[in-house]
Amino acid sequence: MAGEGDIKLLGMVVSPFVVRVRMALHRKGVSYEYVEQDLFNKSELLLRSNPVNKKVPVLIHGGKPICESLVIVQYADEVWSGKGASIFPADPHERAVARFWAAYVDDKLFPAYIGIMKAATEEARAEKAKEALVVLANLEEAFAQCSKGKPFFAGDSVGYLDLAVGCNLFWLEAIRKMFGVTFFDVGKTPLLAAWAERFAGTEMAREVVPDADTAVVFAKKLQARFGSNTSAK
Amino acid sequence: MAGGDDLKLLGAWASPFVTRVKLALNFKGLSFEDVEEDLSNKSELLLSSNPVHKKVPVLVHNGKPICESVIIVQYIDEAFAGIGPALLPSDPYERAIARFWAAYVDDKVLVAPWVQSLRAKTEEEKSEGLKQTFAAVETLEGALRECSKGEGYFGGETVGLVDISLGSLLSWLNATEVISGTKIFDPVKTPLLAAWMERFSKLDAAKAALPEVDRVVEFAKKRQAQAAAAAAASETK
């Protein structure tokens, strides 16, 4: 097993996928060198480490790169299995359920909320907001099933699915501030609303999750750069 | 097979994602009930087992459903860890590489542009789809070279997750060649993949899981005709 030394994370401050990995590394109690990337001017190191997708996050462990946030999270849990907290459950069926919902979040939630930000018309934005709410309604059910009455998706403490969903919360807050969309309606998704607050209050989240305002500033910069037709509040 | 295990696969014969699960079950030496779904009239069992996506494949193991083909394959590997060969390597870094490439196979880069080229209504659409597909295939050739380390499979000496992920597409790759004359794994441009395709197709577990190419050709042609008819019907005269 590779030693703990020489761990680098190539990231970008507002990427939810990078935040996801930082959360995982926090859970494992692993220290690393964080290297902020300029995605409009990608470094040699990034291009060399992720030649296929040229994206962040990339974890470089002992000189070897690992790409794709969910792959990195699983890697961290396996290679540092003796350290810190377990991220994945032990039971194969529970693992399959966690993987299913994590894939669902990346396939359906992320494009919906990014779509709200990028929408060129009010109609398009409302459409994307509706999509996001459908996803959150499904996640409310998932939470009820997975948590079995406990505080987190994984039970007593955060696990794989908490990280997979939770890394997006600061962006949902940013979009709420910019466009007034309410994602967590205590009337409609009470469990998820309570979980979101609880998650944001964990030591891990307070340490690695950026302020929603950082995402707002970034979104406005993107809009200015690419000329969006819609204005945020 | 372990005593008392009830395995049901809800599937559709033409779906490469269903084939993928059959491959995994076959390579592990597991017996299962193969339930063919009529996708235009989905069963109660399918709808209740996969309420979110309502899609095949779904593996039902002792009454508990598992959905999404790559997730099912990993589940099979983990739930039946003592039985048959391991589908993922034991080293965490190699596992990460296998997961990365399995995701790449399914990502919009390979499957979507190829499907686009099959369904294309214009020559432009078709060639754009094919261009992206060939670019992705070249990348996969490099991946095979690295992962196989001189052996025959992405998994090295034995078949692994990436072989199963990519192998599930073989009948469709062959059907594409029959219909359009295009070889997706060109032996000149991507010799390792072309050789891998032949080697994989000869395995008993693969032969038992992959649908017959003729049947896929017929299915694809019917679909193309239906799409063309629908397009013609929607055009105003």
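**Exercise 1. How many residues of domain 1 and of domain 2 of chain A are in contact?**

Solution. Start with the model: it is predicted, local features need pLDDT of at least 70, side-chain atom pairs count only at pLDDT 80 or more, and totals for chains, interfaces and linings use all residues. Residues are numbered from 1 along each chain as its sequence is written, chains are lettered from A in the order in which they are written, and side-chain values use heavy atoms, without hydrogens and water.

An automatic or database domain assignment gives domain 1 (7-80) and domain 2 (92-221) of chain A. Then apply the contact rule: heavy atoms within 4.5 Å. In chain A, 15 residues of domain 1 touch 26 residues of domain 2.

**Exercise 2. State what area the two domains of chain A bury between them.**

Solution. Buried area is the accessible area (1.4 Å probe) that two parts lose on being put together, summed over both. For domains 1 and 2 of chain A, this is about 1800 Å². Carbon and sulfur atoms carry 73% of it.

**Exercise 3. Find the salt bridge between domain 1 and domain 2 of chain A.**

Solution. Look for a side-chain nitrogen of Lys or Arg within 4 Å of a carboxyl oxygen of Asp or Glu. The count between the domains is 1. Arg20(A) pairs with Asp106(A), with the closest N and O atoms 2.8 Å apart.

Now trace the elements. Helices are DSSP runs (H or I, at least four residues), numbered from the N terminus. On the side of domain 1 of chain A that touches domain 2, H1 (16-28) and H3 (69-79) each supply at least two residues. H1(A) gives the largest share, 9 residues.
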